[in-house]
Amino acid sequence: MILPAPGTPRVLMFATLVNTLGNGAYLATSALFLTRSVGLTPGQVAAGLSLAALAGIVLTTPMGAVADRRGPKQVQIVALLVLAACFAGLTQVHHLWSYAVVASVIAVANATVKASTGAMIAGAVPPAERVRTRAFIRSTNNAGLGLGTALGAVPLLLDSRAGYLAVLLANTATFLVAAAVVGRADAVDRVARPAGVSRLAVLRDRPFVAFVLVDGLVASLYNALLSLALPLFLLAYTHAPAYLVSAALLVNTIGCVTLQVWISRGTHTAVDAVPVSRRGALLVGASCVLFGLTAGRSARLVGALVLAAAVVHVIGELWLSAGTFAVVFDLAPDWAQGQYQGALQTGRQLGDMVAPPLLTALVIGLGEPGWLALASIFAGAGLVYPSIVRWALRRRPALVETPPLVAA
């Protein structure tokens with residue numbers, strides 16, 4: 001079956017495809033738009049993105065809690081409309097502070113969409129189908145971003161303000177369409193928070209916080225291996241052609257789009273996730289070893305090693321993703337799916353702040369030993385996942401009391 005179940009799962013898949021097409025085109029053109037059209041320096045762009053990341057870290061989990069209280073469908077629609085307004089507003093940005101404000105709202109709203117998507121799946125899909133549905137959404141996300149990035153090549157070739165503004169307005173339209181699509185989803189019943197329980201109970205769930213911190217670092221590292229670490233390393237330590245990076249990214253995109261649902265089969269609970277996450281982390285670690293072996297090798301051998309490593313990497317990434325989906329859905333109480341999904345996004349945002357400097361220091365600063373250090377980080381994560389999940393499962397009885405449903 002190439003589509004998720006009818007109803008909310010399929011609605012979310014189509015909404016994801018629409019808005020990621022626009023996002024992919026924007027991501028492909030944003031750096032040149034902000035520097036060549038708006039006139040910001042690269043340092044100002046980085047500063048604006050850092051402030052946006054900070055806003056996301058502070059506000060994403062509370063916004064997940066709002067989704068629990070107000071209903072994830074309604075919150076997602078509002079977040080999509082806010083994103084439409086923000087991308088339209090980027091056409092009027094002329095200096096750092098206006099960009100930083102808009103970028104901060106975009107960061108929070110994007111994370112809110114992801115958190116509310118997870119909460120909608122939890123509320124509308126039987127537990128045994130949640131991971132599979134989330135896998136469909138991730139596959140669609142990667143397909144949309146890939147296609148959108150290809151579409152972004154046209155305004156890049158034009159390199160004109162009109163072309164960049166067309167991308168922004170097109171992205172604005174995709175968010176409006178996505179909001180209309182989500183409006184067709186079934187309402188998700190809200191579950192009342194138990195009396196005496198903190199509004200942000202996830203922050204008191206220490207094993208889950210530990211999980212999202214480890215997951216956030218691991219996910220940010222494996223996401224940046226091919227786009228950041230590999231090109232920097234190949235440039236500094238090999239004479240391999242630059243197109244090998246594109247080939248590795250293509251392998252990753254095709255794998256994520258075509259294999260995520262298949263690889264997620266049989267992973268439903270946190271217990272199921274333990275061996276899956278461990279295998280995934282060890283495989284990504286093995287890919288780091290293969291990438292490290294490219295130093296000083298012939299161009300032909302480098303090409304073979306990079307492609308082999310890319311295949312190993314994407315399989316490990318898919319297993320890690322499936323494990324994360326299962327852990328979050330299973331450990332979150334029904335009344336707190338939004339805030340748990342928000343905490344997951346917060347962990348990813350923290351990881352995104354740590355991963356780039358860590359990768360650069362290890363891969364460029366140390367060369368091949370740096371790749372071995374990265375492999376050790378992934379191996380360590382694979383070994384620590386079971387302990388964290390067992391800790392969380394022991395604590396879960398205090399959090400899983402299910403109160404009555406509240407009509408959406």
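A disulfide is counted here as a pair of cysteine sulfur atoms within 2.5 Å. The model shown is predicted. The legends below start with its cysteines and then turn to the chain and its helices.

**View 1. Cys288 and the cysteine closest to it by sulfur.**
A disulfide is a covalent bond between the sulfur atoms of two cysteines. The closest cysteine sulfur to that of Cys288 belongs to Cys256. The two sulfurs are 16 Å apart, which is too far for a bond because a disulfide needs them within 2.5 Å. Cys288 has a relative accessible area of 0%, so this residue is buried.

Cys86 has a relative accessibility of 10%. Buried means under 20%, so Cys86 counts as buried. By the distance rule, the number of disulfides comes to zero.

**View 2. The chain as a whole.**
The chain holds 13 helices and two strands. Its radius of gyration is 21 Å, close to the 22 Å that the globule rule gives for 408 residues, so the chain is as compact as a globular protein of that length. The C-alpha trace spans about 65 × 50 × 40 Å along its principal axes. Of the 408 residues in the chain, 50% are buried.

**View 3. Helix α1 against helix α7.**
Two packed helices are described by the angle between their axes and the distance between the axes. Here the pair is α1, residues 8-38, and α7, residues 161-182. Their axes come within 8 Å and cross at roughly 160°. Angles over 145 degrees count as roughly antiparallel, so α1 is roughly antiparallel to α7. The crossing of α1 and α7 is left-handed. The contact of α1 with α7 has 18 nonpolar residues, seven polar ones and one charged.

**View 4. Helix α8 against helix α13.**
Helix α8 covers residues 206-237, and helix α13 covers residues 368-395. The axes of α8 and α13 come within 9 Å. They cross at roughly 160°. The two helices are therefore roughly antiparallel to each other. The crossing of α8 and α13 is left-handed. In the contact of α8 with α13, 21 residues are nonpolar and four are charged. No polar residues take part in this contact of α8 with α13.

How values were computed:
Residues are numbered from 1 along each chain as its sequence is written. This is a predicted model: local features need pLDDT of at least 70, side-chain atom pairs count only at pLDDT 80 or more; totals for chains, interfaces and linings use all residues. Side-chain values use heavy atoms; hydrogens and water are left out. Axes are lines fitted to C-alpha atoms, for helices over the stretch in contact, and angles run from 0 to 180 degrees between N-to-C directions. Helices (H or I, at least four residues) and strands (E, at least two) are DSSP runs, numbered from the N terminus. Angles under 35 degrees count as roughly parallel, over 145 as roughly antiparallel, 65 to 115 as roughly perpendicular and the rest as oblique. A crossing is left-handed if the near helix is turned anticlockwise from the far one by less than a right angle, and right-handed if clockwise. Ala, Val, Leu, Ile, Met, Phe, Trp, Tyr, Cys and Pro count as nonpolar, Asp, Glu, Lys and Arg as charged, and the others, Gly among them, as polar. Buried means under 20% relative accessible area, exposed over 50%, partly exposed in between (1.4 Å probe, protein chains only). The radius of gyration is taken over C-alpha atoms; the globule rule is 2.2 Å times the number of residues to the power 0.38.
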